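Try each task before reading its solution.

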Amino acid sequence: MGNLLVLSFIYLIGISLLLIFNELTYRRLSPTGEVTRKFAHFSSVLATVPFPYIFPSHWYVLVLALLFAIVLFITQHSKLLESIHDIERKSVGSYLLPIAIYVTFLFADLQENKFIYILPMLILAVCDPMAAILGINIKTYNGRIKIFGKKLKKTWLGSGSFLLSSFVISIIALYFHRGVFDFKAFWLAMLLSVVTMVAELISWRGSDNLSIPLSAATILIIFL
């Protein structure tokens, strides 16, 4: 119990330092809020990947998630952490992120399978920021996607990079988890990449922070 409390405290300090570094970078170098927001997303989600090996119960993760959500609420309404909150679009993604981390961990805990948490978090940490940064910053040959005549906010390059990176991460992770590269590894990785890409494509106001890991976890629970 004592060791777990110490580890929880260390995680809080570590993520706090990441956010402080991100904020200082934002104020000194003046990158756009979207860039620093995505860096914070990448680093903080990646830092949670070892959670199943550290915390034996989802209750620890729930406490951390609640604390993180409280910090986000306070900083948004006190004009702190502009490196995360300074974006033009409306988004609830910051608040959905701790929910996604906890719920995905809970799914994995109930299934007694750490991999159901780890792979969705890897996809969320890497693929989502990659798609956003490429989609926003590269304009040449990168039009917005149209579905049934309706133009979405997502771009071809952003969604394409999400699909490819999600497939690569999934197939490598499945190989290490299952210890074999076979046809199941291929089609399951493809299914994961397509489903999570669609979840990102149709999400609204940052809800992909929740839809991406939950859709990936659902696929793993059904087909793994």
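**Exercise 1.** Does tryptophan 187 count as buried, partly exposed or exposed, and what is its relative accessibility?

Solution. Before we start, note that this is a predicted model, in which local features need pLDDT of at least 70, side-chain atom pairs count only at pLDDT 80 or more, and totals for chains, interfaces and linings use all residues. Residues are numbered from 1 along each chain as its sequence is written, and side-chain values use heavy atoms, with hydrogens and water left out.
- Take the cut-offs: buried is under 20% relative accessible area, exposed is over 50%, and partly exposed is in between (1.4 Å probe, protein chains only).
- Tryptophan 187 has 30% relative accessibility and therefore counts as partly exposed.

**Exercise 2.** Classify the ring pair of tryptophan 187 and phenylalanine 223.

Solution. 
- Rings of Phe, Tyr and Trp (its six-membered ring) pair if their centres lie within 6.5 Å; planes under 30 degrees apart are stacked, over 60 edge-to-face, and the rest tilted.
- For tryptophan 187 and phenylalanine 223 the centres are 5.8 Å apart and the planes stand at 90 degrees, so the pair is edge-to-face.
- Tryptophan 187 sits in helix α9 and phenylalanine 223 in helix α10, so the pair links parts 36 residues apart in sequence. Helices here are DSSP runs (H or I, at least four residues), numbered from the N terminus.
- Phenylalanine 223, at 35% relative accessibility, is partly exposed.

**Exercise 3.** Describe how helix α6 and helix α10 pack.

Solution. 
- The axes of α6 (residues 93-111) and α10 (residues 208-223) come within 8 Å and cross at roughly 15 degrees. Axes are lines fitted to C-alpha atoms, for helices over the stretch in contact, and angles run from 0 to 180 degrees between N-to-C directions.
- Angles under 35 degrees count as roughly parallel, over 145 as roughly antiparallel, 65 to 115 as roughly perpendicular, and the rest as oblique. The two helices α6 and α10 are therefore roughly parallel.
- Contact means heavy atoms within 4.5 Å. Residues of α6 including Leu96, Ile99 and Phe107 meet residues of α10, among them Leu210, Leu214 and Ile221.
- By class, this contact of α6 with α10 has 11 nonpolar, five polar and no charged residues. Ala, Val, Leu, Ile, Met, Phe, Trp, Tyr, Cys and Pro count as nonpolar, Asp, Glu, Lys and Arg as charged, and the others, Gly among them, as polar.

**Exercise 4.** Where does arginine 37 lie?

Solution. 
- Arginine 37 belongs to helix α2 (residues 33-47).
- With a relative accessible area of 11%, arginine 37 is buried.
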